[in-house]
Amino acid sequence: MKIGIIGGGIAGSATAYYLSKTKSEVTIFEKDFVAAHSSGKSNGSIIPLIEKDKNTSISLLSDYALNIHNKLMQKFSDIYYVKKPVMHLFTKNENSAIYENYLNSENHNNSHLLSLSELRHIDARVSDNVSGGLFIKNSLEVDSLMLTKSLLNYSVENGANFVNENVKRINTNSKDKLIIHTHEGIYNFDKIIIANGPWANQLIKDISGKDLITPIKGQILRMKNIFPGFKISFWWGKNYITTKDKNISWLGTTHENIGYDEKPTPNAKKIILDNAKEIFPFLDERFIVEQTACLRPMTKDSLPIIGRISNNENIFICGGGSANGILFGPAMGKTIYKYIFNEELDNYIYDFSVDRFL
Ligand SMILES: Cc1cc2nc3c(=O)[nH]c(=O)nc-3n(C[C@H](O)[C@H](O)[C@H](O)COP(=O)(O)OP(=O)(O)OC[C@H]3O[C@@H](n4cnc5c(N)ncnc54)[C@H](O)[C@@H]3O)c2cc1C
């Protein structure tokens, strides 16, 4: 079977990783280089989602995703891939969905609440604006650039072809074959997987007529010489700080709906820093060594799209990872493999099909 995968981010690379273990002829198309966009620049937090009910589709997918990451962490033991607890901080008067979900959920095995004085034992620099925190034990952190590259390299070692070309369109008119047109050539496949991040919107729209994925820009400041570094990763709302290997601390982020522009901006730098100073007042511009920007492939419900496209059973979407695409990426890739090889899928997986938007 000839399978074409469009996109060399985590979604496409994870799919290639699982498919290359079969006898199929797998080809990955990438217009720039592996992990050139958000998969190579993300914060790399792998945090299980806290839902009120542990049997919701989201909780089940999150558990499945975490499970797969724990296996990959053992396989790729040479990259930065660590267990790292998370502290979700609550600021005074803030209405936090995570806090509410925690209070209403039955499963408290991996998380517990801390008062401000308790969490100051973990990091004394937390400001008085914080009222407490939720400690989540079973989280991981990964260098998402290295994970994506490792997944792709593994697939190439297993015989997958890497084609460094920009896909223009998919032609579904031929009866038995699907055709990928790149700017350079034409390729035939039995199955095609659309996994090109926020740019997937155009290919999906050509087939379904709908806009399903929006690019949401996020910027991160990388900082040096913060001593001591942050032993655990701290989150407040959608913002975070964490210290990774080589003693670089990552501070994020923004959520900007401004199209496909990936340039870092001075305004975002100011917003991120001002926001962080409310939690950790000692932070300032002196620590910044790099600023990055990239695009989340955001869906309307912030959840991934995994599965067949409705009007063609041989075309699959593996994308829309939104703000959790590193968490979900490997699980999405493995699910696409199961779809193609007719392996049994848990029922909750169908809740992530594209049909929910059509
Ligand atoms: C600032 C920021 C921080 C984040 N932090 C986290 C986090 O901590 N944890 C988490 O789980 N998620 C996080 N995310 C989200 C996560 O990074 C994304 O959801 C995920 O990387 C998306 O992966 P992808 O493979 O779908 O897309 P991408 O990484 O965008 O990959 C798509 C690839 O397809 C290629 N491509 C595009 N069009 C074509 C074409 N026509 N032909 C050929 N190739 C093409 C691109 O060049 C690209 O390499 C973060 C995102 C941002 C922006």
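1. Basis. Residue numbers start from 1 in each chain and follow its sequence as written. Because the model is predicted, local features need pLDDT of at least 70 and side-chain atom pairs count only at pLDDT 80 or more, whereas totals for chains, interfaces and linings use all residues.

2. Helix α3. Helices are DSSP runs (H or I, at least four residues), as are strands (E, at least two), numbered from the N terminus.

3. Faces of α3. Leu61, Ser62, Ala65, Ile68, His69 and Leu72 are buried (20 or more other C-beta atoms within 10 Å of the residue's own, C-beta atoms being placed from the backbone). Viewed down the axis, the buried residues fall within an arc of 130°, so they line one face of α3; the arc is taken from the directions from the helix axis to the C-beta atoms. Lys71 and Gln74, on the other side, are exposed (12 or fewer such atoms).

4. Ligand shell. The shell holds 41 residues, of which Gly7, Gly9, Gly197, Gly218 and Gly325 come nearest (a residue is near if its C-beta atom, placed from the backbone, lies within 6 Å). Helix α9 gives the most, with four residues.

5. Domains. Domain 1 (2-49 + 144-213 + 301-357) and domain 2 (85-138 + 214-298) both give residues to the shell, so the ligand lies between them; the bounds come from an automatic or database domain assignment.
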